[in-house]
Amino acid sequence: MPEIAEIARIVHFLRIHLVGKTIKNATAIEDTNVFGKVGTTGPEVAAALTGKKVLSAGTQGKYFWLELDQAPHPVMHFGMTGWIHIKGEKTAYTNYYKKMKSGELDAWPPKYWKFQLQTEDPVVEIAFTDPRRFGRVRLVDCPGESIRKHSPLVENGPDPVVDVDVFTEDYLKKRMRSRHVPIKALLLDQSVISGIGNWVADEVLYQAKLHPEQYCDDFDDDRVKKLYDSIRYVCQTAVDKLGDSDEFPDHWLFNYRWGKGAKGASSHLPSGEKLAFLTVGGRTSCYAPAVQKVSGRIVPGVKEEPMESDQEKPKSKKAAKAESSGEGKKVQSKKRTSKARDEEEEEDEESEEEKPSKKTKIIPGKKSSARSVGKKLEESSEDDEKPTKKSKRGPVQRQSARSNGRRTDDEKIASSKPEEVGRRRSGRLQGK
């Protein structure tokens, strides 16, 4: 799922290619998910864009918008697979284009487009795409400078890069002391901080050396400061690099966390620390147990799953440093399997904190307070924007299988020949 850095990347391109131009024409298909679940339609979005001049483009966490010279203004969220394409420009990342089939790169409008527009001379063509239809495009009818005072932005917390005057160490401390949830879950709560998703949260906690399971109200002032500094550092760096992971610092966990279930992936950091996975707040977390030690109460009953690998642990930091340089580093250290990323994106979307109400619609001249809008959001269906996801066998299902006389996967592995155990586990981790 696109997070704070990816949204900053798109807004960067929009400011270069669209801001200051007048939209000559716009078209949109009817999509009851992308448009309908946030109270508008494709034709309404196209009508709102046509003939308008784009004054600015803004971002708050995972949301971004266009300020037009006349209301209403489009406010957008990518969901899992949404993106903005500009004809003749590569706004996405290298891996995105590698997955394209022959001829798709030059096709216009691009596959899975929801709306597209064309500006007056000099002509610029832009399209919003979304294969899985979890993205949202809504219209907010208000003065341009007040967009952030209306739903859905008003219900979201401060952006750690844009809102440095609001997102302070004191703000973070107060929010942590007022809640009793795992720190990872707090970071993912968009009403607390806008823009942090799964990989950013893991990176923040790794850099701060904090355990993801520990309760947020159990950290002392020194650790709160470390966390605040880490949030600012990771988010600012990722935004400055426009989300280009090839430009991320070599010591970041990001470069090594995507090997779950991948053949040949490293299960250790170059410095020797072992990596492991666990589930916190409904999300898969990657962390380094030797670095991120517990200093207070933690969530009970969470099982750790070590990252399995056929690679040997680096013999020394010096050897690891040499091994992580050059082409080997690019292939192994920065290898991110699409399956691992897809699984985490599904978890991100399933427990997304910022679900807007499909009944919420901004009425011209009538401003809703944050409290009244939030109440409507709570009363609306919680399942509006959840993706359809194949169920995975969890602990309860395994117990049921055992009670019905069927052996579980773990029991089958236990009774297997020793040489078959590694293969079966590896296959299961890879989704085979």
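Which residue forms a salt bridge with Arg177? The answer is Asp221, and the closest N and O atoms of the pair are 3.0 Å apart. The views below come from a predicted model, in which local features need pLDDT of at least 70 and side-chain atom pairs count only at pLDDT 80 or more, while totals for chains, interfaces and linings use all residues. Residues are numbered from 1 along each chain as its sequence is written, and side-chain values use heavy atoms, with hydrogens and water left out.

**View 1. Arg177 and Asp221 meet in a salt bridge.** A salt bridge here is a side-chain nitrogen of Lys or Arg within 4 Å of a carboxyl oxygen of Asp or Glu. Arg177 lies in helix H4 (residues 169-177) and Asp221 in helix H7 (residues 221-240), so the pair ties together parts that are 44 residues apart in sequence. Helices (H or I, at least four residues) and strands (E, at least two) are DSSP runs, numbered from the N terminus. Arg177 is partly exposed, with a relative accessible area of 38%, and Asp221 is likewise counted as partly exposed, at 41%. For these words, buried means under 20% relative accessible area, exposed means over 50%, and partly exposed is in between (1.4 Å probe, protein chains only).

**View 2. Arg297 and Asp218 form a salt bridge between two loops.** The N to O distance is 2.8 Å. Arg297 sits in the loop between strand S10 (283-287) and strand S11 (305-306), whereas Asp218 sits in the loop between helix H6 (198-208) and H7, 79 residues apart. Arg297 is partly exposed at 45% relative accessible area, and Asp218 is partly exposed at 22%.

**View 3. Lys87 forms a salt bridge with Glu125.** The closest N and O atoms are 3.4 Å apart, and the pair links distant parts of the chain, with Lys87 in the loop between strand S5 (83-86) and helix H3 (94-98) and Glu125 in strand S7 (residues 125-129), 38 residues apart. Lys87 counts as partly exposed, at 46% relative accessibility, while Glu125 is buried, with a relative accessible area of 19%. The structure holds 15 salt bridges, and elsewhere Asp31, Lys114 and Arg133 are linked in a network of them.

**View 4. Strand S3 pairs with S2 and with S4.** Two strands pair if DSSP finds at least two bridges between them. Strand S2 (residues 54-60) runs antiparallel to S3 and is joined to it by six bridges, and in S3 the bridge partner of Thr59 is Phe64. In the hairpin of S2 and S3, which has two residues between the strands, Gly61 takes a positive phi near 60°. S3 and strand S4 (residues 73-77) are also antiparallel, over three bridges; Phe64 has Met76 as its bridge partner in S4, and a hairpin of four residues joins S3 to S4. Six of the six residues of S3 (residues 63-68) are buried, with Tyr63, Trp65 and Glu67 on one side and Phe64, Leu66 and Leu68 on the other.

**View 5. Helix H1 is mostly covered.** Of its 14 residues, 11 are buried, among them Ile4, Ile7, Val11, Phe13 and His17. What covers these buried residues includes S2, S3, S5, S7, H6 and H7, where contact means heavy atoms within 4.5 Å.
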